[in-house]
Amino acid sequence: MDVLQLVVSGLANGCIYGLIALGFVLIYKATEQVNFAQGDFMMLGAFVCLGFTNAEFLGWPFWISVPLAILIMGAFGYFLENLVLRQMFGQPQVAVVILTIALGFVLRFVAGVIWGHEPVSLESPLAGKELRFGGLVLGWDEVTVILVTVVLTLLLYFYFSRTRLGVAMQAASQNQLAAYYMGIPVKRLHSFIWALAGMVAAVAGILFASKGSIEPSIGLLGIKAFAAAVIGGFGSLPGALLGGLIVGLIEPFSARYIAAGYSQVMPYLLLFLILVFRPHGILAQVHSKKV
Amino acid sequence: MLQAAEKPGDKVSADTVLSVRNLESYYGPIVAIRGASLDVRQGQIVTVLGANGAGKTTLLKTISGVMNPEKGQITYNGRDIAGAEADEVVRAGIVHVPEGREVFPLLTVAENLRMGAYTRNDLAGIREDEEMVHSYFPILKERARQAAGTLSGGQQQMLAIARGLMARPKLMLLDEPSLGLSPILVKEIFGIIRRLNEEQGVTMMLVEQNAMVALNVADYGYVMELGRIVMADDAKRLLQSKDVQEFYLGIKEESQRGQKRWKQKKTWR
(Lines give C-alpha, C1' and ligand atoms only; values in the text may rest on other atoms or scores of the structure.)
Protein backbone atom coordinates (compact mmCIF):
# COMPACT_ATOMS: atom_id res chain seq x y z
CA MET A 1 0.00 0.00 0.00
CA ASP A 2 2.84 2.27 0.93
CA VAL A 3 4.51 1.68 -2.38
CA LEU A 4 1.29 2.36 -4.26
CA GLN A 5 0.88 5.69 -2.55
CA LEU A 6 4.44 6.61 -3.43
CA VAL A 7 3.72 5.61 -7.00
CA VAL A 8 0.61 7.79 -7.20
CA SER A 9 2.23 10.88 -5.72
CA GLY A 10 5.32 10.29 -7.86
CA LEU A 11 3.19 9.96 -10.97
CA ALA A 12 1.29 13.14 -10.09
CA ASN A 13 4.52 15.11 -9.79
CA GLY A 14 5.84 13.36 -12.86
CA CYS A 15 2.82 14.44 -14.88
CA ILE A 16 3.57 18.06 -14.08
CA TYR A 17 7.24 17.68 -15.01
CA GLY A 18 6.07 15.88 -18.12
CA LEU A 19 3.71 18.69 -19.12
CA ILE A 20 6.43 21.32 -18.72
CA ALA A 21 8.83 19.08 -20.66
CA LEU A 22 6.15 18.78 -23.33
CA GLY A 23 6.20 22.55 -23.70
CA PHE A 24 9.97 22.52 -24.18
CA VAL A 25 9.75 19.82 -26.81
CA LEU A 26 6.77 21.32 -28.66
CA ILE A 27 8.62 24.55 -29.22
CA TYR A 28 11.94 22.88 -29.93
CA LYS A 29 10.53 20.51 -32.51
CA ALA A 30 8.60 23.13 -34.39
CA THR A 31 10.98 26.07 -34.27
CA GLU A 32 14.34 24.70 -33.11
CA GLN A 33 14.23 27.26 -30.35
CA VAL A 34 14.57 26.30 -26.69
CA ASN A 35 12.29 28.22 -24.38
CA PHE A 36 14.06 28.32 -21.03
CA ALA A 37 11.15 30.31 -19.63
CA GLN A 38 8.82 27.32 -20.01
CA GLY A 39 8.87 26.73 -16.23
CA ASP A 40 8.05 30.39 -15.71
CA PHE A 41 5.19 30.07 -18.19
CA MET A 42 3.83 27.40 -15.85
CA MET A 43 4.30 29.68 -12.85
CA LEU A 44 2.61 32.54 -14.66
CA GLY A 45 -0.32 30.35 -15.73
CA ALA A 46 -0.79 29.22 -12.14
CA PHE A 47 -0.72 32.78 -10.82
CA VAL A 48 -3.11 34.08 -13.47
CA CYS A 49 -5.63 31.41 -12.51
CA LEU A 50 -4.98 31.98 -8.82
CA GLY A 51 -5.38 35.72 -9.28
CA PHE A 52 -8.83 35.18 -10.75
CA THR A 53 -10.12 32.59 -8.37
CA ASN A 54 -8.55 33.11 -4.93
CA ALA A 55 -10.66 35.05 -2.45
CA GLU A 56 -7.86 37.48 -1.59
CA PHE A 57 -7.68 38.56 -5.25
CA LEU A 58 -10.73 38.52 -7.55
CA GLY A 59 -12.58 35.54 -6.13
CA TRP A 60 -14.17 34.43 -9.40
CA PRO A 61 -15.57 30.90 -9.73
CA PHE A 62 -12.95 28.19 -10.27
CA TRP A 63 -14.54 26.85 -13.47
CA ILE A 64 -14.40 30.25 -15.14
CA SER A 65 -10.89 31.09 -13.98
CA VAL A 66 -9.33 27.89 -15.34
CA PRO A 67 -10.30 28.23 -19.02
CA LEU A 68 -9.67 31.95 -18.84
CA ALA A 69 -6.14 31.44 -17.51
CA ILE A 70 -5.45 28.84 -20.20
CA LEU A 71 -6.66 31.20 -22.92
CA ILE A 72 -4.64 34.09 -21.56
CA MET A 73 -1.49 31.99 -21.53
CA GLY A 74 -2.24 30.87 -25.08
CA ALA A 75 -2.53 34.50 -26.19
CA PHE A 76 0.64 35.31 -24.25
CA GLY A 77 2.57 32.61 -26.11
CA TYR A 78 1.11 33.65 -29.45
CA PHE A 79 2.02 37.31 -29.14
CA LEU A 80 5.39 36.59 -27.58
CA GLU A 81 6.33 34.64 -30.70
CA ASN A 82 4.68 37.09 -33.03
CA LEU A 83 6.12 40.27 -31.58
CA VAL A 84 9.41 39.25 -29.99
CA LEU A 85 10.81 35.91 -31.12
CA ARG A 86 10.12 36.51 -34.80
CA GLN A 87 12.53 39.42 -34.62
CA MET A 88 15.23 36.94 -33.64
CA PHE A 89 14.97 35.17 -36.99
CA GLY A 90 18.41 34.56 -38.42
CA GLN A 91 20.14 35.18 -35.09
CA PRO A 92 22.19 32.37 -33.57
CA GLN A 93 20.27 29.94 -31.38
CA VAL A 94 22.06 31.12 -28.27
CA ALA A 95 20.41 34.52 -28.67
CA VAL A 96 17.00 32.91 -28.19
CA VAL A 97 18.32 30.97 -25.19
CA ILE A 98 19.55 34.16 -23.52
CA LEU A 99 16.34 35.95 -24.42
CA THR A 100 14.14 33.30 -22.83
CA ILE A 101 16.32 33.06 -19.73
CA ALA A 102 15.99 36.82 -19.34
CA LEU A 103 12.27 36.54 -19.96
CA GLY A 104 12.12 34.07 -17.08
CA PHE A 105 13.68 36.63 -14.73
CA VAL A 106 11.21 39.26 -15.88
CA LEU A 107 8.22 36.97 -15.41
CA ARG A 108 9.36 36.00 -11.89
CA PHE A 109 9.79 39.64 -11.01
CA VAL A 110 6.41 40.65 -12.44
CA ALA A 111 4.64 37.79 -10.68
CA GLY A 112 6.32 38.78 -7.41
CA VAL A 113 5.15 42.38 -7.78
CA ILE A 114 1.56 41.43 -8.58
CA TRP A 115 0.95 38.40 -6.39
CA GLY A 116 3.70 38.65 -3.78
CA HIS A 117 6.50 36.28 -2.82
CA GLU A 118 4.65 34.33 -0.12
CA PRO A 119 3.73 30.75 -1.00
CA VAL A 120 0.03 30.50 -1.87
CA SER A 121 -2.25 27.68 -2.95
CA LEU A 122 -4.93 27.71 -5.58
CA GLU A 123 -8.36 27.47 -3.94
CA SER A 124 -9.52 24.48 -5.89
CA PRO A 125 -12.71 22.59 -5.05
CA LEU A 126 -10.64 19.40 -4.98
CA ALA A 127 -8.18 20.49 -2.32
CA GLY A 128 -8.03 18.29 0.75
CA LYS A 129 -10.59 15.75 -0.51
CA GLU A 130 -9.63 12.14 -0.32
CA LEU A 131 -10.38 9.11 -2.37
CA ARG A 132 -10.49 5.87 -0.36
CA PHE A 133 -9.81 2.68 -2.18
CA GLY A 134 -9.73 -0.29 0.17
CA GLY A 135 -6.83 0.56 2.43
CA LEU A 136 -5.48 3.08 -0.01
CA VAL A 137 -5.94 6.79 0.63
CA LEU A 138 -5.35 9.01 -2.34
CA GLY A 139 -5.71 12.76 -2.59
CA TRP A 140 -8.25 13.81 -5.21
CA ASP A 141 -5.85 16.52 -6.30
CA GLU A 142 -3.19 13.96 -7.22
CA VAL A 143 -5.65 11.73 -9.03
CA THR A 144 -6.92 14.76 -10.94
CA VAL A 145 -3.42 15.65 -12.06
CA ILE A 146 -2.96 12.19 -13.52
CA LEU A 147 -6.40 12.12 -15.17
CA VAL A 148 -6.03 15.59 -16.68
CA THR A 149 -2.59 14.70 -18.05
CA VAL A 150 -3.94 11.54 -19.65
CA VAL A 151 -6.81 13.46 -21.27
CA LEU A 152 -4.52 16.26 -22.45
CA THR A 153 -2.09 13.74 -23.92
CA LEU A 154 -4.90 12.05 -25.84
CA LEU A 155 -6.14 15.41 -27.10
CA LEU A 156 -2.66 16.38 -28.27
CA TYR A 157 -2.19 13.00 -29.92
CA PHE A 158 -5.47 13.42 -31.76
CA TYR A 159 -4.56 16.97 -32.70
CA PHE A 160 -1.16 16.11 -34.14
CA SER A 161 -2.18 12.97 -35.98
CA ARG A 162 -5.69 13.77 -37.22
CA THR A 163 -6.17 17.49 -37.78
CA ARG A 164 -4.87 19.33 -40.82
CA LEU A 165 -3.19 22.00 -38.73
CA GLY A 166 -1.57 19.41 -36.45
CA VAL A 167 -0.17 17.36 -39.33
CA ALA A 168 1.04 20.60 -40.95
CA MET A 169 2.89 21.44 -37.71
CA GLN A 170 4.56 18.04 -37.82
CA ALA A 171 5.41 18.57 -41.48
CA ALA A 172 6.90 22.00 -40.81
CA SER A 173 9.02 20.65 -37.99
CA GLN A 174 10.32 17.76 -40.09
CA ASN A 175 11.20 19.79 -43.14
CA GLN A 176 10.62 23.49 -42.85
CA LEU A 177 11.72 24.39 -46.35
CA ALA A 178 9.48 21.78 -47.96
CA ALA A 179 6.62 23.11 -45.84
CA TYR A 180 7.21 26.57 -47.30
CA TYR A 181 7.19 25.08 -50.80
CA MET A 182 3.82 23.46 -50.12
CA GLY A 183 2.31 26.78 -49.12
CA ILE A 184 2.10 25.95 -45.41
CA PRO A 185 2.25 29.27 -43.51
CA VAL A 186 5.19 28.24 -41.35
CA LYS A 187 5.53 31.52 -39.47
CA ARG A 188 1.90 31.49 -38.36
CA LEU A 189 2.29 27.88 -37.25
CA HIS A 190 5.23 28.94 -35.07
CA SER A 191 2.97 31.43 -33.31
CA PHE A 192 0.36 28.70 -32.81
CA ILE A 193 2.97 26.35 -31.36
CA TRP A 194 4.04 28.98 -28.82
CA ALA A 195 0.38 29.48 -27.99
CA LEU A 196 -0.02 25.75 -27.50
CA ALA A 197 3.07 25.61 -25.28
CA GLY A 198 1.63 28.49 -23.23
CA MET A 199 -1.67 26.66 -22.78
CA VAL A 200 0.00 23.37 -21.80
CA ALA A 201 2.13 25.34 -19.31
CA ALA A 202 -1.02 26.94 -17.87
CA VAL A 203 -2.59 23.51 -17.36
CA ALA A 204 0.58 22.28 -15.65
CA GLY A 205 0.66 25.36 -13.44
CA ILE A 206 -2.98 25.09 -12.43
CA LEU A 207 -2.52 21.42 -11.56
CA PHE A 208 0.63 22.19 -9.61
CA ALA A 209 -0.93 25.03 -7.64
CA SER A 210 -4.02 22.99 -6.81
CA LYS A 211 -2.01 20.28 -5.09
CA GLY A 212 0.63 22.40 -3.41
CA SER A 213 1.65 25.96 -2.93
CA ILE A 214 3.38 28.17 -5.44
CA GLU A 215 5.57 31.23 -5.37
CA PRO A 216 7.24 33.09 -8.24
CA SER A 217 10.52 31.17 -8.07
CA ILE A 218 8.70 27.87 -8.64
CA GLY A 219 9.33 28.50 -12.32
CA LEU A 220 12.85 27.18 -11.74
CA LEU A 221 11.20 23.76 -11.71
CA GLY A 222 11.56 24.18 -15.44
CA ILE A 223 15.20 23.10 -15.13
CA LYS A 224 14.13 19.74 -13.72
CA ALA A 225 11.56 19.43 -16.48
CA PHE A 226 14.25 20.24 -19.00
CA ALA A 227 16.30 17.37 -17.59
CA ALA A 228 13.19 15.19 -17.91
CA ALA A 229 12.82 16.16 -21.56
CA VAL A 230 16.43 15.25 -22.25
CA ILE A 231 16.06 11.93 -20.45
CA GLY A 232 12.98 11.07 -22.46
CA GLY A 233 14.51 12.20 -25.74
CA PHE A 234 14.48 15.87 -26.66
CA GLY A 235 12.41 16.06 -29.79
CA SER A 236 9.92 13.35 -28.92
CA LEU A 237 6.57 14.26 -27.37
CA PRO A 238 5.92 10.85 -25.77
CA GLY A 239 9.54 10.94 -24.62
CA ALA A 240 8.96 14.22 -22.79
CA LEU A 241 6.03 12.76 -20.86
CA LEU A 242 7.92 9.55 -20.14
CA GLY A 243 10.95 11.51 -18.92
CA GLY A 244 8.69 13.55 -16.66
CA LEU A 245 7.10 10.44 -15.19
CA ILE A 246 10.50 8.81 -14.60
CA VAL A 247 11.83 11.89 -12.79
CA GLY A 248 8.60 12.13 -10.80
CA LEU A 249 8.86 8.51 -9.70
CA ILE A 250 12.58 8.57 -8.92
CA GLU A 251 12.19 11.41 -6.43
CA PRO A 252 9.90 9.85 -3.79
CA PHE A 253 11.50 6.43 -4.11
CA SER A 254 15.05 7.64 -3.65
CA ALA A 255 13.93 9.80 -0.71
CA ARG A 256 12.26 6.79 0.84
CA TYR A 257 14.78 4.05 0.17
CA ILE A 258 18.12 5.85 0.02
CA ALA A 259 18.07 9.07 2.03
CA ALA A 260 15.93 12.17 2.00
CA GLY A 261 18.50 14.40 0.29
CA TYR A 262 18.92 12.04 -2.64
CA SER A 263 15.58 12.91 -4.18
CA GLN A 264 17.11 16.14 -5.45
CA VAL A 265 20.20 14.48 -6.89
CA MET A 266 18.88 11.29 -8.48
CA PRO A 267 17.14 12.90 -11.48
CA TYR A 268 20.37 14.58 -12.48
CA LEU A 269 22.38 11.43 -11.92
CA LEU A 270 19.99 9.69 -14.28
CA LEU A 271 20.34 12.56 -16.74
CA PHE A 272 24.10 12.10 -16.59
CA LEU A 273 23.85 8.35 -17.21
CA ILE A 274 21.41 8.85 -20.09
CA LEU A 275 23.66 11.42 -21.72
CA VAL A 276 26.61 9.06 -21.51
CA PHE A 277 24.92 5.84 -22.60
CA ARG A 278 21.97 6.97 -24.72
CA PRO A 279 22.62 10.54 -25.74
CA HIS A 280 19.45 10.90 -27.81
CA GLY A 281 17.29 9.98 -24.84
CA ILE A 282 15.06 7.00 -24.19
CA LEU A 283 12.57 7.56 -27.00
CA ALA A 284 14.89 9.09 -29.51
CA GLN A 285 13.35 10.23 -32.74
CA VAL A 286 16.28 10.07 -35.07
CA HIS A 287 16.08 9.64 -38.77
CA SER A 288 18.73 10.11 -41.36
CA LYS A 289 17.99 11.50 -44.77
CA LYS A 290 18.59 9.28 -47.74
CA VAL A 291 21.02 10.81 -50.16
CA MET B 1 25.85 36.68 -79.93
CA LEU B 2 23.61 38.20 -77.35
CA GLN B 3 20.55 38.39 -79.59
CA ALA B 4 19.34 35.05 -78.35
CA ALA B 5 19.56 36.06 -74.72
CA GLU B 6 17.75 39.28 -75.32
CA LYS B 7 14.95 37.63 -77.17
CA PRO B 8 12.58 37.26 -74.20
CA GLY B 9 12.74 40.95 -73.51
CA ASP B 10 11.35 41.93 -76.89
CA LYS B 11 7.81 40.74 -76.76
CA VAL B 12 5.53 38.95 -74.37
CA SER B 13 3.16 36.80 -76.38
CA ALA B 14 -0.39 36.18 -75.30
CA ASP B 15 0.17 32.61 -74.14
CA THR B 16 3.03 33.50 -71.81
CA VAL B 17 2.16 32.38 -68.27
CA LEU B 18 5.33 33.37 -66.51
CA SER B 19 7.69 36.11 -67.46
CA VAL B 20 10.79 37.04 -65.54
CA ARG B 21 12.49 40.35 -66.29
CA ASN B 22 15.92 41.55 -65.17
CA LEU B 23 15.77 39.53 -61.98
CA GLU B 24 18.49 39.99 -59.37
CA SER B 25 18.76 37.85 -56.24
CA TYR B 26 21.35 37.85 -53.50
CA TYR B 27 22.46 35.53 -50.75
CA GLY B 28 23.49 38.23 -48.33
CA PRO B 29 26.18 40.16 -50.20
CA ILE B 30 26.68 37.45 -52.83
CA VAL B 31 24.93 37.88 -56.17
CA ALA B 32 23.27 34.67 -57.30
CA ILE B 33 21.20 36.00 -60.18
CA ARG B 34 22.43 38.97 -62.17
CA GLY B 35 19.58 40.19 -64.28
CA ALA B 36 17.95 37.09 -65.70
CA SER B 37 14.99 37.32 -68.09
CA LEU B 38 12.93 34.44 -69.41
CA ASP B 39 9.44 33.44 -70.50
CA VAL B 40 7.42 30.31 -69.96
CA ARG B 41 4.52 29.68 -72.31
CA GLN B 42 1.27 27.92 -71.56
CA GLY B 43 1.52 24.14 -71.91
CA GLN B 44 5.23 24.08 -72.59
CA ILE B 45 8.07 22.32 -70.87
CA VAL B 46 10.83 24.87 -70.49
CA THR B 47 14.20 23.82 -69.22
CA VAL B 48 16.94 25.88 -67.63
CA LEU B 49 20.35 24.29 -67.99
CA GLY B 50 23.52 25.20 -66.23
CA ALA B 51 26.37 23.96 -64.12
CA ASN B 52 26.56 23.92 -60.33
CA GLY B 53 26.26 27.39 -58.89
CA ALA B 54 24.85 28.93 -62.06
CA GLY B 55 21.87 30.21 -60.09
CA LYS B 56 19.22 27.80 -61.36
CA THR B 57 17.89 26.79 -57.96
CA THR B 58 17.99 30.39 -56.76
CA LEU B 59 15.93 31.37 -59.78
CA LEU B 60 13.25 28.83 -58.85
CA LYS B 61 13.35 29.84 -55.18
CA THR B 62 12.87 33.46 -56.12
CA ILE B 63 9.90 32.63 -58.33
CA SER B 64 8.25 30.47 -55.67
CA GLY B 65 8.62 33.18 -53.03
CA VAL B 66 11.02 31.38 -50.70
CA MET B 67 13.58 34.09 -51.54
CA ASN B 68 12.93 37.74 -52.26
CA PRO B 69 14.42 39.34 -55.36
CA GLU B 70 16.48 42.49 -55.04
CA LYS B 71 15.35 43.86 -58.40
CA GLY B 72 13.27 42.85 -61.37
CA GLN B 73 9.76 41.65 -62.13
CA ILE B 74 8.16 38.24 -62.01
CA THR B 75 4.80 38.30 -63.75
CA TYR B 76 2.49 35.32 -63.53
CA ASN B 77 -0.67 35.54 -65.64
CA GLY B 78 -0.39 39.30 -65.63
CA ARG B 79 0.07 39.51 -61.87
CA ASP B 80 3.27 40.67 -60.25
CA ILE B 81 4.41 38.01 -57.82
CA ALA B 82 7.95 39.23 -57.13
CA GLY B 83 8.48 39.16 -53.38
CA ALA B 84 5.11 37.50 -52.65
CA GLU B 85 4.91 35.03 -49.74
CA ALA B 86 5.38 31.36 -50.64
CA ASP B 87 1.82 30.40 -49.71
CA GLU B 88 0.36 33.14 -51.93
CA VAL B 89 2.40 31.85 -54.85
CA VAL B 90 1.15 28.31 -54.27
CA ARG B 91 -2.43 29.58 -54.10
CA ALA B 92 -1.86 31.41 -57.38
CA GLY B 93 -1.04 28.05 -59.02
CA ILE B 94 2.75 27.74 -59.00
CA VAL B 95 4.24 24.87 -57.09
CA HIS B 96 7.92 24.25 -56.53
CA VAL B 97 9.17 20.66 -56.31
CA PRO B 98 12.51 21.12 -54.56
CA GLU B 99 15.73 19.39 -55.39
CA GLY B 100 16.83 16.38 -53.39
CA ARG B 101 13.37 14.93 -52.61
CA GLU B 102 12.50 17.05 -49.66
CA VAL B 103 9.70 14.87 -48.32
CA PHE B 104 8.35 14.96 -44.77
CA PRO B 105 10.25 11.87 -43.58
CA LEU B 106 8.17 10.86 -40.56
CA LEU B 107 4.77 11.47 -42.10
CA THR B 108 3.16 8.70 -44.11
CA VAL B 109 3.03 8.86 -47.88
CA ALA B 110 -0.68 9.69 -47.72
CA GLU B 111 -0.07 12.48 -45.22
CA ASN B 112 2.69 13.89 -47.42
CA LEU B 113 0.23 14.01 -50.31
CA ARG B 114 -2.38 15.73 -48.17
CA MET B 115 0.20 18.34 -47.15
CA GLY B 116 0.67 19.05 -50.84
CA ALA B 117 -2.98 20.07 -50.90
CA TYR B 118 -2.63 22.26 -47.79
CA THR B 119 -3.73 25.42 -49.58
CA ARG B 120 -6.92 23.78 -50.87
CA ASN B 121 -10.26 23.27 -49.20
CA ASP B 122 -12.24 21.32 -51.81
CA LEU B 123 -12.28 17.86 -50.23
CA ALA B 124 -13.87 16.19 -53.26
CA GLY B 125 -11.29 17.68 -55.60
CA ILE B 126 -8.45 16.63 -53.31
CA ARG B 127 -9.70 13.06 -53.27
CA GLU B 128 -10.00 13.12 -57.05
CA ASP B 129 -6.45 14.39 -57.41
CA GLU B 130 -5.25 11.74 -55.01
CA GLU B 131 -6.59 9.12 -57.41
CA MET B 132 -5.10 10.95 -60.38
CA VAL B 133 -1.71 10.99 -58.65
CA HIS B 134 -2.01 7.30 -57.76
CA SER B 135 -2.69 6.50 -61.41
CA TYR B 136 0.63 8.08 -62.39
CA PHE B 137 2.57 6.72 -59.42
CA PRO B 138 0.93 3.40 -58.45
CA ILE B 139 3.74 2.67 -55.98
CA LEU B 140 2.55 5.54 -53.79
CA LYS B 141 -0.82 3.86 -53.37
CA GLU B 142 0.86 0.64 -52.28
CA ARG B 143 3.03 2.53 -49.81
CA ALA B 144 0.32 4.96 -48.64
CA ARG B 145 0.65 4.10 -44.94
CA GLN B 146 4.44 3.89 -44.86
CA ALA B 147 6.64 6.70 -43.51
CA ALA B 148 8.01 8.68 -46.43
CA GLY B 149 11.56 8.52 -45.04
CA THR B 150 11.58 4.75 -45.55
CA LEU B 151 10.97 4.99 -49.30
CA SER B 152 13.79 4.51 -51.78
CA GLY B 153 15.34 7.53 -53.45
CA GLY B 154 13.36 7.14 -56.64
CA GLN B 155 10.11 6.67 -54.76
CA GLN B 156 10.82 9.79 -52.70
CA GLN B 157 11.35 11.77 -55.90
CA MET B 158 8.03 10.44 -57.20
CA LEU B 159 6.39 11.41 -53.92
CA ALA B 160 7.87 14.92 -54.13
CA ILE B 161 6.42 15.37 -57.64
CA ALA B 162 3.10 13.81 -56.63
CA ARG B 163 2.89 16.02 -53.54
CA GLY B 164 3.45 19.05 -55.76
CA LEU B 165 0.66 17.90 -58.08
CA MET B 166 -1.74 17.76 -55.13
CA ALA B 167 -1.71 21.55 -55.05
CA ARG B 168 -3.29 21.33 -58.55
CA PRO B 169 -0.67 23.65 -60.03
CA LYS B 170 -0.92 25.31 -63.40
CA LEU B 171 2.84 25.78 -63.43
CA MET B 172 5.24 23.35 -61.84
CA LEU B 173 8.83 24.28 -61.03
CA LEU B 174 10.91 21.10 -61.01
CA ASP B 175 14.38 21.31 -59.51
CA GLU B 176 16.74 18.54 -60.64
CA PRO B 177 14.32 15.62 -60.67
CA SER B 178 17.13 13.40 -62.01
CA LEU B 179 19.48 14.09 -59.09
CA GLY B 180 21.00 10.90 -57.72
CA LEU B 181 18.73 8.54 -59.64
CA SER B 182 19.72 5.60 -61.81
CA PRO B 183 19.40 6.10 -65.59
CA ILE B 184 16.36 3.84 -65.79
CA LEU B 185 14.58 5.78 -63.04
CA VAL B 186 15.49 9.06 -64.70
CA LYS B 187 13.88 7.76 -67.88
CA GLU B 188 10.76 6.70 -66.00
CA ILE B 189 10.40 10.00 -64.16
CA PHE B 190 10.90 12.10 -67.27
CA GLY B 191 8.34 9.93 -69.06
CA ILE B 192 5.85 10.77 -66.33
CA ILE B 193 6.76 14.46 -66.49
CA ARG B 194 6.04 14.44 -70.22
CA ARG B 195 2.72 12.65 -69.67
CA LEU B 196 1.67 15.04 -66.91
CA ASN B 197 2.41 17.92 -69.25
CA GLU B 198 0.41 16.40 -72.11
CA GLU B 199 -2.47 14.82 -70.21
CA GLN B 200 -2.95 17.20 -67.28
CA GLY B 201 -1.87 20.33 -69.09
CA VAL B 202 0.63 21.30 -66.41
CA THR B 203 3.15 23.80 -67.69
CA MET B 204 6.62 22.82 -66.49
CA MET B 205 9.75 24.74 -65.77
CA LEU B 206 12.52 22.24 -65.39
CA VAL B 207 15.94 22.96 -63.97
CA GLU B 208 18.52 20.32 -64.83
CA GLN B 209 22.19 19.52 -64.98
CA ASN B 210 21.44 16.47 -67.07
CA ALA B 211 21.16 18.45 -70.30
CA MET B 212 20.59 15.54 -72.64
CA VAL B 213 17.53 14.24 -70.82
CA ALA B 214 16.15 17.71 -70.19
CA LEU B 215 16.49 18.91 -73.78
CA ASN B 216 14.89 15.75 -75.09
CA VAL B 217 11.76 16.29 -73.04
CA ALA B 218 11.59 20.10 -73.24
CA ASP B 219 10.09 22.39 -75.86
CA TYR B 220 12.25 25.39 -75.11
CA GLY B 221 15.52 25.83 -73.27
CA TYR B 222 17.61 28.44 -71.55
CA VAL B 223 21.26 28.16 -70.60
CA MET B 224 22.30 29.86 -67.42
CA GLU B 225 25.82 30.75 -66.37
CA LEU B 226 26.96 32.69 -63.32
CA GLY B 227 23.52 34.12 -62.75
CA ARG B 228 22.84 35.18 -66.33
CA ILE B 229 20.85 33.66 -69.16
CA VAL B 230 23.40 33.19 -71.92
CA MET B 231 21.40 31.24 -74.51
CA ALA B 232 17.77 30.78 -75.33
CA ASP B 233 16.32 28.66 -78.11
CA ASP B 234 14.06 25.80 -79.03
CA ALA B 235 15.18 22.65 -77.29
CA LYS B 236 15.82 20.90 -80.60
CA ARG B 237 18.04 23.68 -81.83
CA LEU B 238 19.91 23.80 -78.52
CA LEU B 239 20.59 20.08 -78.88
CA GLN B 240 22.24 20.82 -82.22
CA SER B 241 24.16 23.84 -80.98
CA LYS B 242 27.91 23.35 -80.88
CA ASP B 243 28.30 25.18 -77.60
CA VAL B 244 25.69 23.16 -75.80
CA GLN B 245 27.06 19.98 -77.29
CA GLU B 246 30.53 20.70 -76.08
CA PHE B 247 29.86 22.23 -72.69
CA TYR B 248 26.69 20.49 -71.55
CA LEU B 249 26.45 17.28 -73.52
CA GLY B 250 30.16 16.43 -73.52
CA ILE B 251 30.21 15.78 -77.26
CA LYS B 252 33.60 16.78 -78.65
CA GLU B 253 34.88 17.06 -82.15
CA GLU B 254 38.58 16.84 -81.45
CA SER B 255 38.87 13.08 -81.84
CA GLN B 256 37.36 13.28 -85.29
CA ARG B 257 39.63 16.03 -86.38
CA GLY B 258 42.59 14.33 -84.84
CA GLN B 259 44.13 17.54 -83.72
CA LYS B 260 44.84 18.67 -80.22
CA ARG B 261 42.84 21.56 -78.91
CA TRP B 262 42.66 22.76 -75.36
CA LYS B 263 39.25 24.17 -74.96
CA GLN B 264 36.88 25.75 -77.37
CA LYS B 265 36.00 29.32 -76.55
CA LYS B 266 32.39 29.80 -75.74
CA THR B 267 30.78 31.86 -78.45
CA TRP B 268 28.65 33.78 -75.95
CA ARG B 269 31.56 35.36 -74.19
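Residues count from 1 along each chain as its sequence is written, while chains are lettered from A and ligands numbered from 1 in the order written. Because the model is predicted, local features need pLDDT of at least 70 and side-chain atom pairs pLDDT 80 or more, while totals for chains, interfaces and linings use all residues.

**Exercise 1.** Work out how helix 1 and helix 10 of chain A cross.

Start with the ranges: helix 1 covers residues 2-31 and helix 10 covers residues 237-257. Helices are DSSP runs (H or I, at least four residues), and strands are too (E, at least two), numbered from the N terminus. Next, the axes come within 6 Å and cross at roughly 145 degrees. Those axes are lines fitted to C-alpha atoms over the stretch in contact, with angles from 0 to 180 degrees between N-to-C directions.

**Exercise 2.** Find which residues A:Ala46 touches, leaving aside neighbours within four places in sequence.

Contact means C-beta atoms, placed from the backbone, within 7 Å. Go along the chain: A:Ala46 meets A:Leu122, then A:Gly205, A:Ile206, A:Phe208 and A:Ala209, and finally A:Ile214.

**Exercise 3.** Trace the open six-stranded sheet of chain B.

First, write the order: 6-7-8-3-9-10, with mixed pairing. Strands pair if DSSP finds at least two bridges between them. Now check the edges: strand 6 (94-97) and strand 10 (228-234) each have a single partner strand, so one side of each lacks a neighbour in the sheet. The twist averages 15 degrees from one strand to the next. Last, look inside: strand 3 (residues 45-49) and strand 8 (residues 203-208) run parallel, joined by five bridges. B:Leu49 has B:Glu208 as its bridge partner in strand 8.

How values were computed. Two residues are in contact if their C-beta atoms, placed from the backbone, lie within 7 Å.
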